[in-house]
Amino acid sequence: MGFTMGLNLLLLMAMVATNILSLYHLSTTIQSKPSSPPPIPDHLIHQLSTIRATITHLTSLQSSTNTPPSSSSSAAAATTPPSDLLIYTHISPIASSCKDNPLLLHKYMNYTPFSLCPNDSPLAEDLILRGCHPLPRRRCFSRTPSTTPTSLPTDPFSPLPEKTALLTHFSCKTFSCFAGLKPEMGFDMRIEKTRFLTYKSDLDLPISQLMQLAKQAKSVIRLALDIGGGTGTFAAHMKLHNVTVVTTTMNLGAPYNEAVAIRGLVPLHAPLQQRLPVFDGVVDLVRCGHAVNRWIPVVAMEFLLFDVDRVLRGGGYLLLDHFFSKKMDLEKVFTPLIGKLGYKKVKWAVANKTDSSGVKNGEVYLTALLQKPLTK
Ligand SMILES: *[C@@H]1O[C@H](CO)[C@@H](O)[C@H](O)[C@H]1NC(C)=O
Ligand SMILES: *[C@@H]1O[C@H](CO)[C@@H](O)[C@H](O)[C@H]1NC(C)=O
């Protein structure tokens, strides 16, 4: 039990770290090309090499503890692709980052077709975070919880009904357990109900104020994307304003996707480095919350912001909600980067991040509301 929990924690760390690593990889690949590369800060390189060492350790640990008895050895699994993987490659191309992780990919595609899928959602997430997205399709039956709830909540702020999601992979086995962990995880609905509503500091942009600003600019908000939106609370509040918000969210250490869905909202299981799966110019607002921060390498961040620009309509808004970075990086790196978009600054508030890691690292928060201009 203790071991499983420990392993879950390690997996969580590994997933967070691989996300950063894959982004780092992406950025270094790009930077090896001749065109003027922005530098990666030294501290990030140092942190990433630490993470890389940890990952190497963790993946060897994971494969030695998790290898199913049926697959002979990891090396053999890497050289002989599972038959369903071979069939699938004739139907649809596989992302190169999937091929870069043959051990994981083969493990993922090594299943018995037309029977119950392996209980391996962390493996899928692990691949996605390494850039293998979309994942190859599989021909097996997904697992379900053994009971169905009699009714799902009509109010997105009522407590999440238990036994509506498979929680075996997590340290907590109930939603109420997650609600009792850290409030910022977003599972305590009493807290979620109060978020985005009040103005406590200049870093806050209450939804009522956001709607008012849009109204004054004669810019209606119908449809929005919330990038890295956790349990979907922004979408839940916007729903009360008749705005449809689609939330991208990963299951890093908690059942975020299930939580969003149970609340009657739309979860998109897509990592930050993924092209946003909507067409050009179709959304009125994109919000980037805590998941978008200084840990994303600058080049990856630049692609993210320009993809946001692609999906926003003219006159649409980008809301950077509590973006954090080192004070110096905000001035020297991120402000010029955001400036490249040429958006109108409707709101721009910077303040010290006053929690312990913020103080230790000299970090600041930025909350900015930016409006995309019309093409001239
Ligand atoms: C949302 O739509 C409903 C039904 O059309 C309407 O009654 C309500 O006033 C709308 N709410 C807001 C905040 O616009
Ligand atoms: C913010 O933090 C810096 C040190 O990192 C300090 O010099 C400055 O006074 C702080 N500003 C406010 C408004 O507290």
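This report describes the sheet, the helices packed on it and a helix pair in a predicted model.

## Basis of the description

Residues are numbered from 1 along each chain as its sequence is written, and chains are lettered from A and ligands numbered from 1 in the order in which they are written. Because the model is predicted, local features need pLDDT of at least 70 and side-chain atom pairs count only at pLDDT 80 or more, while totals for chains, interfaces and linings use all residues.

Helices (H or I, at least four residues) and strands (E, at least two) are DSSP runs, numbered from the N terminus.

## The sheet

Seven strands make an open sheet with mixed pairing, in the order β3-β2-β1-β4-β5-β7-β6. Two strands count as paired if DSSP finds at least two bridges between them. The edges are β3 (266-268) and β6, each of which pairs on one side only. From one strand to the next the twist averages 15°; such angles run from 0 to 180 degrees between N-to-C directions, and axes are lines fitted to C-alpha atoms, for helices over the stretch in contact.

Strands of a sheet pair through backbone hydrogen bonds, either parallel or antiparallel. Both senses are found here, as the next two sections show.

## Strand β4 and its parallel partners

Strand β4 covers residues 283-288. Six of its six residues are buried, so β4 is largely enclosed by the rest of the structure. A residue is buried if 20 or more other C-beta atoms lie within 10 Å of its own, exposed if 12 or fewer, and partly exposed in between; the C-beta atoms are placed from the backbone.

Strand β1 (residues 223-227) runs parallel to β4, and four bridges join them. Alanine 224 has leucine 285 of β4 as its bridge partner. Strand β5 (residues 312-326) also pairs with β4 in the parallel sense, over five bridges. Here leucine 285 stands opposite tyrosine 317 of β5, and arginine 287 stands opposite leucine 319 of β5.

## Strand β7 and its antiparallel partners

Strand β7 (residues 363-371) runs antiparallel to β5, with eight bridges between them. Leucine 318 is partnered by leucine 370 in β7, and serine 325 stands opposite valine 364 in β7.

Eight bridges also join β7 to strand β6 (residues 344-352), again antiparallel. In that pair, alanine 351 has tyrosine 365 of β7 as its bridge partner. Strand β7 is mostly covered, with seven of its nine residues buried.

Helix α13 (residues 298-311) forms a right-handed β-α-β unit with β4 and β5. A crossover is right-handed if, with the strands pointing away from the viewer, the path from the first strand over the helix to the second runs clockwise.

The axes of α13 and helix α14 (residues 327-339) come within 10 Å and cross at roughly 25°. That makes α13 roughly parallel to α14; angles under 35 degrees count as roughly parallel, over 145 as roughly antiparallel, 65 to 115 as roughly perpendicular and the rest as oblique. The crossing of α13 and α14 is right-handed. A crossing is left-handed if the near helix is turned anticlockwise from the far one by less than a right angle, and right-handed if clockwise. Val298, Met301, Glu302 and Leu305 of α13 meet Val333, Leu337 and Ile338 of α14, where contact requires C-beta atoms, placed from the backbone, to lie within 7 Å.

## Helices α6 and α7

The axes of helix α6 (residues 102-109) and helix α7 come within 10 Å and cross at roughly 140°. The crossing is left-handed. Leu104, Leu105, Lys107 and Tyr108 of α6 make the contact with Leu123, Ala124, Asp126 and Leu127 of α7.

Helix α7 spans residues 121-129, and its buried residues include Pro122, Glu125 and Asp126. After α7 comes glycine 131, with a positive phi near 95°. Serine 142 lies in the loop between α7 and α8 (175-179). Serine 142 counts as exposed because it has 9 C-beta neighbours inside 10 Å.

Notes
Two residues are in contact if their C-beta atoms, placed from the backbone, lie within 7 Å.
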